[in-house]
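Please keep the sequence and the structure in view while reading.

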Amino acid sequence: MANIVLEGVTKVYGQDILAVDNIDLEIREGEFMVLLGPSGCGKSTTLRMIAGLEEVTSGTLRISDEVVNDVDPADRDLAVVFQNYALYPHMTVERNLAFGLKLRKTPQEVIDRRIRDTTAMLGIDSLLDRRPSELSGGQQQRVALGRALVRDPEAFLLDEPLSNLDAKLRAAMRTELIKIHRMLGKTVVHVTHDQVEAMTMGERICIMREGRIIQVGPPLEVYRHPADSFVAGFLASPPMNLLKARLSGHHGVDEVDLSAVNLPIPRHRQAPLRRHAGSEVVVGIRPEDVHTQEPSDGTHHRVDITVVAVEVLGPEVILVADLGGGQEISVRQGATFHAVAGARIPLYIDLEQLHFFEVDSGLAVLHGGASGPVRPELGSYLKEGGP
Amino acid sequence: MTANVRGTMRKRGRWKFLSWLLPHSILVVFSAVILLPLLWLLRVALTDKSTAYKIPPEWGQASLDNFIEIFTGYPFFSYFLNSVTVALGATVIALPLAVGMAYAFARYNTGGLSLRLFVLSSQMLPPVILVLPLFTLFLKASLINTLPGLILAHMTLSLPFLAWLLVAFFDGEVATLEQAARTDGATRFQALVRITLPVAAPGILAAGLLAFLLSWNEFLYALILSGPHTNTLPVGLSSFQTHRGVDIALLSAATICAILPAMVLLPFLRRYLIRGLSLGALK
Ligand SMILES: Nc1ncnc2c1ncn2[C@@H]1O[C@H](COP(=O)(O)OP(=O)(O)OP(=O)(O)O)[C@@H](O)[C@H]1O
Ligand SMILES: [Mg+2]
């Protein structure tokens, strides 16, 4: 088992393509870490540097407390599962699985036993004599996983291994991967741009953008306390509504002006906002913090909106509402909710759950809920100047 | 079914027929352009010397006399053997070298684009320009009129083009497989030998066949650098043009024999080239 530590790691491709920009990250021993971010943010590059397939331009990379910047990938004892699986097309499944073990001069009876155990676990024991071209996408994916597992490596590096599967299979494999991780307790670094995967699988999520790490933390922590508006707008589906707003009112922080509607800010929440009194901010409202029936706890504020659209998803309904002044928000409702486009209905917004972000840097100023002002340790992952 | 629907179906049927007819007619014309001279050649090779010249053609009794004569009355077998030796030798030596070059280009970007272009630049000159200095060099090195000399000369032709062609087979998909092997614990060399080469084998084989045919058909270098004992087929064929004129029947028989290996190799070439290319850059 291994921990993986990146210190000031930077990757420059060619002369001037800055793919990874001075990142610090510690992946703990036995941890399931998800690297999450939009396309091109440097997730694969980070993973490939850990694997040793790309050179580290500058910074230090440690595996099990040993600097491995110049260690050959063959000697890092990590297993990589590639997005396109990269199964050896000229070998049977059995020889694909045995390849790494044979290179390490493992005795044949050990190889046989390992292959038997692994294929039984993954349910691919009947495929041993087939070539990769004779397998379905899901089976190939399992074989690729098996090839990683059979070697019993220090850690697993997975680069979007589920992205080529259909939705149903992907959900099943998510659960299975989590189960396997629990069983083996090995360090896993899992790259994805799918926030559902990140939320459901990761013990911690590392959110990247444009080669930098924006935030690292457990899924719920990141969800509840997004470090900036980018993270807030990236997680969950639909994500947090981010609205242009201005702090206003008597002290400059009594209300928030969304151009067509004003929301009062409870007195006990005003202190962290004083620094931005009277200026523009971004207000974040989670789709689940808005209701169509008035809740009884008295923290909600009524606004009247126009229904733009109602998207029926089955177990829930997404209401898209026009607040006026060009601002729209998505609202999550139960399956029984019904409204026609163009109708005027009241909404009740939970004032305790409003998030506030700086306009320029996007940094969080105040999170919703009981958590109050942004906790300093969350901000520690933010590089100078923000994203 | 309404008349309207039936009408569009008939129209679609007609369109389908047209889109079948057009490419097929083009193919028929092209096939004729290529095949008719070959068939003519075969006819002439199978007739006796006097009817060979008759126009309109006369159809006498087919006979193998011409084929027998080129092997008995002429050193045709020696031409044939020389050609096989040179083509095979040049290919077998050039191919591993080209694999090494292409691997260096693909994985390490050795010398950058400028070296790749430089390698190819020798191919951009007309061979006539190169063959004269080569002649002088070979004369000094006593390589004139020897088979090793001719093999070397043909390698200067095939090596650059082989290396250039093979780079494509080492890029793309195979590169990822090689990386998978590296993380599986293979050294660079093990990954090359056990993964890259087997996977790229169809492409490498196709490139080898091309190099073989290039050398097999090569005329200018062979003419200038070889002597009576080292003449290859193309040079030998030209020797059927004697001072008494061209013995067209013998020449036809010899030509048929000379293109036979190419005809045998072509189906393989096509199969491997398509598989090789679809593994490589075109995918
Ligand atoms: N071999 C390379 N040469 C040059 N630039 C590269 C190379 N590989 C990646 N890049 C660039 O580096 C940046 C990061 O790429 P990377 O593959 O790490 O992104 P990613 O987060 O994995 O994206 P995706 O989700 O699309 O896979 C991109 O801008 C990409 O264009
Ligand atoms: Mg990627």
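## Terms and model

Helices, of type H or I and at least four residues long, and strands, of type E and at least two residues long, are DSSP runs that are numbered from the N terminus. The model described here is a predicted one.

## The shell around ligand 1

Ligand 1 is surrounded by 13 residues, and the closest of them are Tyr13(A), Ala19(A), Ser39(A), Ser44(A) and Thr45(A).

Which element gives the most to the shell around ligand 1? Helix 1 of chain A does, with three residues. By class, the shell is made up of eight polar residues, four nonpolar residues and one charged residue.

## The contact between chains A and B

On the side of chain A, 17 residues are in contact with 14 residues of chain B. Strand 6 (78-81) and helix 2 (93-103) of chain A each supply at least two residues of the side that touches chain B. This side of chain A has 13 nonpolar residues, together with three polar residues and one charged residue.

## The four-stranded sheet

Four strands of chain A form an open sheet in the order 2-1-4-5, and their pairing is antiparallel. Strand 2 and strand 5 (66-67) of chain A stand at the edges with a single partner strand each, so one side of each has no neighbour in the sheet.

Leu6(A) has Leu61(A), in strand 4 of chain A, as its bridge partner.

## The six-stranded sheet

Another open sheet of chain A has six strands, in the order 13-12-11-14-20-21, and the pairing is again antiparallel. Its edge strands are strand 13 (262-264) and strand 21 (364-366) of chain A, each of which pairs on one side only. From one strand to the next, the twist averages 40°.

How many bridges join strand 11 of chain A to strand 14 of chain A? Six bridges join strand 11 (residues 241-248) to strand 14 (residues 280-285), and these two strands of chain A run antiparallel. Opposite Leu243(A) stands Val283(A), which lies in strand 14 of chain A. In general, the strands of a sheet pair through backbone hydrogen bonds, either parallel or antiparallel.

Key: Residues numbered from 1 in each chain as written. Chains lettered and ligands numbered in written order. Predicted model: local features only at pLDDT ≥ 70, side-chain atom pairs only at ≥ 80, totals over all residues. Near = placed C-beta within 6 Å. Nonpolar A, V, L, I, M, F, W, Y, C, P; charged D, E, K, R; others polar. Contact = placed C-beta atoms within 7 Å. Pairing = 2+ DSSP bridges. Axes fitted to C-alpha atoms, helices over the stretch in contact; angles between N-to-C directions.
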